[in-house]
Amino acid sequence: MLSPAWAMRITRRFVPFADAASTELPLGRLLRLSLFQLSIGITVALLVGTLNRVMIVELGVPAWWVALSVALPLVFAPLRALIGYRSDTHPSALGLKRMPYMWIGTLLMFGGLAIMPFALLLLTVPDASVWAGRIGAALAFLLVGAGMQVTQTAGMALASDLAPDAKRPRVVALLYSMLLLGMIAGSAMLGFVLTDFSPTRLVQVVQGAAVVVAVLNLISLWKQEPRQARRGAREAHGFSRSWERLMAIPRMRRFLWTVGLGTVAFSMQDIVLEPFGGQVLGLNVGLTSALTAMSAGGALLAFVLSARFMARGLDTIRLAAAGALLGLPAFACVIFSAPLQSALLFQCGAALIGFSGGLFSVGMLLTAMELPERELTGLVLGAWGAVQATAAGVSMALGGVLRDVVSSLATAGWLGSSLNSPATGYSFVFHLEIYLLFVVLIALGPLVRRSPSSAPRPAHPIGLAELPG
C-alpha cells in the first residue's frame, strides 16, 4: 500500500494541475469549482458549433439572422466590467459577494436553454408565424448569453479570490482548459447524438443540455465562497474611479484594442465555418459539429506548448504574434478546400485556426495577468471579458451578414460568372480575416517591451507543461 507521501508525489507527477492546489484551495475543491467553465464550454459548443449550422442548413433560416441571434447574447458583454466591479463590492447580508452573481447567471442560462427548443420547433412548423419563432429563439439566445457573461465573470473572480498569489496562474490555466474541454466534449457529444438529425432529436438535445448545465453549475457553486463580514453600501462613484485607475496603467488602452482586433480576426468565421462545411463540402451535421472539437483541441494544444515556450523566456506579446502569423495559412487552408473539394484540408484548417487563435489568446491572457492590481481583480477580468466577448459578438454578426450579402451578389451575377458559387460569400469572410490578422500584427508591435532573452521567466509555469505525454 502506498504511503501518503508517495501518493502525493504520484499525484503531482501525473495528474494535470495537481500543483495548482493549495491549502486554501485543495485540488478536489478546485476541480469542482472549475465545473462552471465546463458547462459554459458545452453551451458554447451548442450555440456556436451546432445550432448555427442546423438553423442555416436544416431549418433554412437566413445566415444573417442566425449570426445576429448568436451574437445577440453578447450585448451584455460590455457590462462585464460593471459586473466584475459590483461583485467586488457586493453588499451582502450573508457575507457573500461572488456567489449571488454566479447563481443568477445559472438561472439565466437554464431559462434560456429551457425555452429554446420550443422556439426552434416553431421554426419548423410551416403554418406558424416565422417571426414568432425567430423572436422566441432570439430571446432564448439572449438569456443564455447573459447568464454566461455573469457566471463566467463572477466565477473567474471567485477563483482568483480563493487562490493564493503564487497559484493564480495555474488556477486560471485550469479554468481556461476546462472551458476548452467543455467545448471538445460538448461538440463530440452533440455530433454523435445528432448524426441522424430530426427536429424532435434537436429538442431533446437542447433540453438535455439545460439540465446538464444546471447540475454542473450547482455542483460547482456548492460551499465555495467563505462567508465574510457584512458589507455596507458601495462607495459613491466607485466604479468610475476604479475604471480611471485601470485606464491609467501604461498601454492598457492599446492592449485592449489589440485584444479586440485579434478576437475579431479569429471569430468572424465562427458562425459560417460549419455551414461552409455543410453547404459547400457536403459534410453532415455530425462531421461539422466535430469541427468545434477540432478547433478547441487545437487551442488546448496551443496552451500546452505555450507553457513550454514561456518557461524558456518567450515574450508574451511575441507568443500572441506567433498565433496571428499562423492564422494566415490556417484560413488559406479553409479557402482552398472549396475549389479542391477537400474535407481533410478543411478540417486541418479548422484545427489550425483553433491552434493559432489559442496562441494569440494565451499570449494576451498572460499579458493581462501581469497588469491587474489585487483589489481590481473583478474589474480587470470584466474589462478583458467585455472587450473579448463584444468583439466576438460583433465579428460573428458581421461574418453572417457579409456572407449573405456577398452570396446574393454572386448568385445574381453581379460578381461575374466565375464567382457564381455558394463558396463565394464564405471565401470573402475568410479573406477579410486574413487582412485583419495583418492589422493585428501591426498593432502588437509597440506592445513588445522586452526581447526574449531579457524577458524574466515566470516563477510558476501556466499549468499545462506537466501534462503526461
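This is a predicted model: local features need pLDDT of at least 70, side-chain atom pairs count only at pLDDT 80 or more; totals for chains, interfaces and linings use all residues.
Which helix does N217 lie in?

1. N217 belongs to helix α9, which covers residues 199-221. The residue is buried, its relative accessible area being 1%. Setting aside neighbours within four places in sequence, the contacts of N217 are L35, F36, S39, T106, M109 and T151.

2. Next, a helix pair to look at. Helix α11 (residues 252-267) packs with helix α17 (residues 423-444) at an angle of about 160 degrees, and their axes are 9 Å apart. Because angles over 145 degrees count as roughly antiparallel, α11 is roughly antiparallel to α17. The crossing of the two, α11 and α17, is left-handed.

3. As for the residues that make this contact, α11 supplies R254, T258, L261, G262, V264, A265, F266 and S267. From α17 come E433, L436, L437, V439, V440, A443 and L444. By class, the residues of the contact between α11 and α17 divide into 10 nonpolar, three polar and two charged.

4. On to the cysteines: how many disulfides does the structure hold? The count is zero. C333 is in no disulfide, and the nearest cysteine sulfur, in C348, is 7.0 Å away. Seen from C348, the closest cysteine sulfur is that of C333, and 7.0 Å is too far for a bond, because a disulfide needs the sulfur atoms within 2.5 Å.

Notes: Residues are numbered from 1 along each chain as its sequence is written. Side-chain values use heavy atoms; hydrogens and water are left out. Axes are lines fitted to C-alpha atoms, for helices over the stretch in contact, and angles run from 0 to 180 degrees between N-to-C directions. Helices (H or I, at least four residues) and strands (E, at least two) are DSSP runs, numbered from the N terminus. Angles under 35 degrees count as roughly parallel, over 145 as roughly antiparallel, 65 to 115 as roughly perpendicular and the rest as oblique. A crossing is left-handed if the near helix is turned anticlockwise from the far one by less than a right angle, and right-handed if clockwise. Contact means heavy atoms within 4.5 Å. Ala, Val, Leu, Ile, Met, Phe, Trp, Tyr, Cys and Pro count as nonpolar, Asp, Glu, Lys and Arg as charged, and the others, Gly among them, as polar. Buried means under 20% relative accessible area, exposed over 50%, partly exposed in between (1.4 Å probe, protein chains only).
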